[in-house]
Structures are given as C-alpha cells and as structure tokens.
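Let's take a walk through this model together. Keep the viewer open and follow along as we go.

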Amino acid sequence: MVEYKEDPAAGTPASVAEADQMAMARMYEETLKDFVVGSIIRGKVLEVHPNEVLVDIGYKSEGVIPAHEFADITAVKPGDELNVLLEGIEDDEGMVMLSKTKAEQQERWNNILATHKEGTVVEGEIRSRVKGGMLVDLGGVEAFLPGSQVDLTPVHDPDSLIGKRFEFKIVKINSDRRNIVLSRRELLEERRRERRRELLAEIKIGQTRRGVVKNITDFGAFVDLDGIDGLLHVTDMSWGRLNHPSEMVAVGQELEVMVLDVNLEKERISLGLKQKTANPWDNIEAKYPVGSRLRGRVVNLVPYGAFVELEQGVEGLVHVSEISWTKRIARASDVLTVGPEVDVVVLNVNKEEQKIALGIRQTEVNPWDGVRERYPIGARVSGKVRNLTSFGAFVELEEGIDGMIHVSDMSWTRKINHPSEVLKKGDEVTAVVLEVDPDNQRISLGLKQAQEDPWATIVARYKVGQRVRGKVTKLASFGAFVELEDGVDGLVHISDLSWTKKIRHPGEVVKKGDEIEVVILGVDVEQRRISLGHKQIEENPWDRFGEMYKAGTEVEGKIVRIIEKGVIVELPLGVDGFVPVSQLAPTQIKNIADKFKVGDTLPLKVLEFEKESKKIVLSAVEALKDKEAHLVEEYMAKHKLPPTTIGESATITGTPSAEDTSIPAEN
C-alpha cells in the first residue's frame, strides 16, 4: 500500500517512490557531468573475455575495451584498475566505448608537454623512413625528423640509422595536431660551436693535435680537430714535392698535426705535417757540396728541365742545357722519363731559396775539352752533313762534335739563299776551320774556303765589252742571273734586256735554262758582281729611229698592252710607242678596255720622238684628220665610238698636254 504524506512546500501530497526517483535522477545528472568524451577516467576490470574486456567506470552501463589493446590479455584479471579514454557514452548496444591505448597515448603526450618545450633536448629512437625524413619514437610519442636535420652533412644511407637512439632538439610543437618536429643537426651544431669555443680558448701555436681528414681539395686538406676544422695546406704536408694532397692523405685518415697559426677573429687554424720532422734543407750545403756526384730519381719533367729527388723533401733541377755535352735537346722529355734513377753532379746550392742545380752531362767526359788542339783554325776537315737549317748546314766532325757552315761561306760567287741550293743531308764535304769557341760549343767552318777563289782572276778572264755565252739560272723582278762558268754568275738588269720593248718582267724575254749571249758591262771584284747586257749584242736602233719616227710621220701600230693613261703599241722594227687616252679618239673615253683591245691595229701619227729617253708618242686623232670621211666613220664604228666629223675632232681634241704624252714608268 502506498503511503502518502503532505509536502508542505508544494502544498500537495507526493508518494515516497516518486521522491526516490527524482533523487536518483538528480544524482544521475550529476554523475553524467563527470563523463566527458575524450577525457581519461579510472576504471575497474569486471570481466575478461577472449575478444574484449568489460570495465566499470561508475557509469550506468559498463564499458568495453578490445582485447588487442592489451599486450598480454592473459595477464588481465577482474578487479584490476586502469586508466581509459572515454570515446563514446553508448554505442548501438548500449555499451560505453573505451580505449586503453588512446589513454596511454594521451598520457604520454601530456607527459611530453609537461616535461619538454620547444628548444629542449629529448632522447629518442629512429623507427622508420618516411617521405621527407624519418619518424622518431619519443617514449611512445612519434615525432618527425626532416632529412636535412639528421646530421651535419648529408646522410647517404639513412636506413643504417634505423633502430639507433640519439639526442634531438625539439624545434616545433603543434598541440592541436599533436605534431613534434625534431633536429639532430641543430643540436650537433650547437655542441660543435661550444666545442669550437673551448678549442679556440685552449689551442696554441706549436701544439701537436690529433684529427681526422674531413675533406681534400687541390690546395690541401681540412682536418677535424674534434669540433673545429683546420687547414693542412699542400705545401705544409711534406718537405718534398707533392702534385696533389691525395698523394699524402686520405679522407677519414687520422693524423697528428702541428698547429702553425690561429686566427681567433676568423676562427681559422693552419696546420702542418712536415713541421713535425726536421727540415732537410738546414744542413743542405754540407750534405750536398758543389761537385759531388749523386744518384737520384726523376720525379717531374718540365719543358726547361727535369727535377731529381735526392732524398725525401730535397729535389734538384737538371736544366735542359745540362743534360748532354753534344746533343741540342729541346725538351727534357725527349731523353728522360719520370721514375728511373740517374747520376747527377751538384753544380750549385742555394739554401735560402731551397734550390739545387744539377747536371747530368758532368758525369761524362766533355768532348769539347781539347777541341782547339784537334781542330785548329785553318785546318782542312771532312765530315758528313747532318742537318740543314735556313742559315746553314751542320757537319758532324766526330761523335758529338758538329761544325756549322754558314750560307755566306758556301760559295765565292753565288748568293746562296738556302743551303739546300749547294748541299743535301748525308753529303760528305771538305771544309776549312774558321773559328773555334769551346765555351759556347761552336765551330765555324767554310766550304768556299776549301776551294780556290775564282774572283782572284776574274778581271783577267772577263773584260768590259767582251761577248760571252751563259745559262739563265734564276729570274727576279729586277733582272736575270746568268751563269758564265761554274760558280760565277752575272746579272742582266731588266733595262738591259731589250732596246725596243718596255719590259715588265724578265720572263717576257728569257726563260730559266735558256742559253743566251751577253756583253760584259762591268766587273766589281770587291762586291763580287758582274753586270751583263743582253740588248748590247745588237747596235742601238734608236740612232736610225730618229729618221723613221720623226714628228708628223704616219705609221700603223698594234696594241700590245692597255694601261691607265693609254695604250702601248708595237711599231715597225719592233719598237714600242705610246698613245695617250686623249689621242685614241676625238671623243672622251672613260674606260679604254671598253673600246679597244690588245691586237687592234691603229692608224697613227708621230707626235713626239725622244732618243735619249727612248720615247715615241703617237696620236690616232691626228692621223684621222688626214683620212677620208668614210675611213673615219669605219674607225669610230669599229671601236663603238659615237659618230663625229673631222671638224668636230679638231675642236674637241686640240693639242695634247705634256702630262698626256708622258709614258708611265712601269719598270
């Protein structure tokens, strides 16, 4: 039976059951306030099943956790307490959704935030590679390590770091996205800078320190001195020659080096390796006195000589001129190679400049010693032509001894431009010693001095006015050389080739190899010259030309050459005359070649005759004045000239000027 009693506040009766229900409802609403999705709450295990675990969290319904969230489901017992994360109040079956794993992750994340901030150092294990970098496990919380922040230098094998633990610097935390970015590089750089400051404070010049070769360049090697790099220059690696630092050191090699210089402002350290040993040049003069004979190894070849290593760190230079007494060696590489040992003699020692001059030829007897006695001046010697140059021929007198015959000492009579005109390689010759210079290793020889000088009796054999025959041996722009006898040449100047022709080149009259008759015009014994004339074998025709070609005489002439100022014509008896351009036609001519051609025959009248200058000036215009009209028309038409009359011609032409009648000098 339900008991009622009056509620004074309400003024109405209420049952006890309704009051209890209302109280429970208020308690339930208060309880719900403690259950917020995403929060971590304490729970107690009620039941353990193979696939799930029932947990009481103080809610009207039990919660369920999947079995796979437990490392060992068999170790879980009813009554165990644990923290769980509330994922949802009720699912479709009315169960509370819980997660043990997410609760642990949230707790670890909260722990990281509580104990670490951006810039702090944390330890973690590299777990795997991802795009752009690597994932690091920070005690259950994953963080991202960019590839550029793994180490101080690029890592070529990132997989080798997986599973290894390192210290990292937290560079960024994003709480909303639960994202942490790490850098190992920044941490290493900070520690390196700190170590660098410590090293710079304690390092001193003269100290020896151990380091590892970090990098090699053409000029040296960088050595890591446990936090700071020092430069070991190639010149400070060895007292001897090094072509490249890699010949002495290798990347990763551990070295003991000496501190040579410290620049605190620029944080630069200069190191030395050779300074750990004594300088071999300190007592070099005592070890290698001038004149001592040694044995060394050829280590380098240059165009001007060879470097020979006498000991580690000590080299001497054999100049190319000190390799052989007799051979003219252009390059050391022609007779030496790198590697073999050679005998040398010390010629000079310069301790300050660390230079030693060596000689190879000094290890042998100098064949030039006593050469004055073996080849006195004036002696007749024989030898074989070994080589020809532009200035002479080298004759081998004995093994290693050559004499030189200059081109000027090859012939008494001929001007020799090249020794090949007289000699060839391999010829056996007899010559006379003219000069001996053992210091410069020179012997001058004369080929012509071994023969009688034909010019000694040349005047008796060749007299002025004498007629002789000779062979044309050479043509030049100024004349022709004629051989009168073996070794005796004379010159026919171009002006002495013809009485009547204006010769531009000797080839117009004679050819090389022609045998011609000439007249001796002059003999100069001192200059060794004979002047010849070819035209002089005939009488001078200009004596009779005066009557044949006096002014006003009409003749015909054939054009043989066209020049700028007119034409050269050949007249009877083969003499040349000149027709100025103004005298070719009664009208103006701009280009002679357009109207006249070589071979044309012209009617002409002599305007001027000069015997002394051998000049005949003619005019076609003056000749046409005396011709009938139809002949004038034919002349004008033949040469494509505009029609005109004799009257017009007289008006147009007039008298030629002195400039018009001057023949250009072409010779």
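Start with charge: the count comes to 37 salt bridges, where a salt bridge is a side-chain nitrogen of Lys or Arg within 4 Å of a carboxyl oxygen of Asp or Glu. Before going further, note that this is a predicted model, in which local features need pLDDT of at least 70 and side-chain atom pairs count only at pLDDT 80 or more, while totals for chains, interfaces and linings use all residues. Residues are numbered from 1 along each chain as its sequence is written, and side-chain values use heavy atoms, with hydrogens and water left out.

One of those bridges joins R129 to D159, with the closest N and O atoms 3.4 Å apart. R129 sits in strand β8 (residues 121-130) and D159 in the loop between β10 (142-146) and β11, so the pair ties together parts that are 30 residues apart in sequence. Helices (H or I, at least four residues) and strands (E, at least two) are DSSP runs here, numbered from the N terminus. R129 is partly exposed, with a relative accessible area of 49%, and D159 is partly exposed at 42%. On this scale, buried means under 20% relative accessible area, exposed over 50%, and partly exposed in between (1.4 Å probe, protein chains only).

Next, look at K276 and E256, whose closest N and O atoms are 3.1 Å apart in another salt bridge. Here K276 comes from the loop between β17 (268-272) and α4 (284-287), and E256 from strand β16 (residues 254-263), so parts 20 residues apart in sequence are tied together. K276 counts as partly exposed at 38% relative accessibility, and E256 counts as partly exposed at 32%.

R297 and E309 also meet through their side chains, at 3.3 Å from N to O. This bridge runs from strand β18 (residues 293-302) to strand β19 (residues 305-311), so it ties together parts 12 residues apart in sequence. R297 is partly exposed at 36% relative accessibility, whereas E309 counts as buried at 18%. Back at K276 and E256, salt bridges that share partners join R210, E254, E256 and K276 into one network.

Some charges go to rings instead. R184 lies over the face of F166, at 4.4 Å from the ring centre, and K474 lies over the face of F481, at 5.2 Å. The rule asks for NZ of Lys or CZ of Arg within 6 Å of the ring centre and within 35 degrees of the ring normal.

Now move to helix α2 (residues 100-115). Its 16 residues reach 22 Å from first C-alpha to last, close to the 22 Å expected at 1.5 Å a residue (that is, 1.5 Å times one less than the number of residues). Which residues of α2 are buried? They are K100, A103, Q106, W109 and I112. An α-helix has 3.6 residues a turn, so residues three or four places apart point the same way. The cover over the buried residues of α2 includes β3 (40-48), β6 (81-88) and β11 (165-174).

As for aromatic pairs, a search of the whole structure finds eight. Rings of Phe, Tyr and Trp (its six-membered ring) pair if their centres lie within 6.5 Å; planes under 30 degrees apart count as stacked, over 60 as edge-to-face and the rest as tilted. The W542 and F545 rings have centres 5.3 Å apart and planes at 75°, so the pair is edge-to-face. Both lie in helix α7, three residues apart, about one turn of the helix. W542 is buried at 2% relative accessible area, and F545 is buried at 0%. F596 and Y635 form a tilted pair, 6.4 Å centre to centre with 50° between the planes, and both are buried.

Terms used: Contact = heavy atoms within 4.5 Å.
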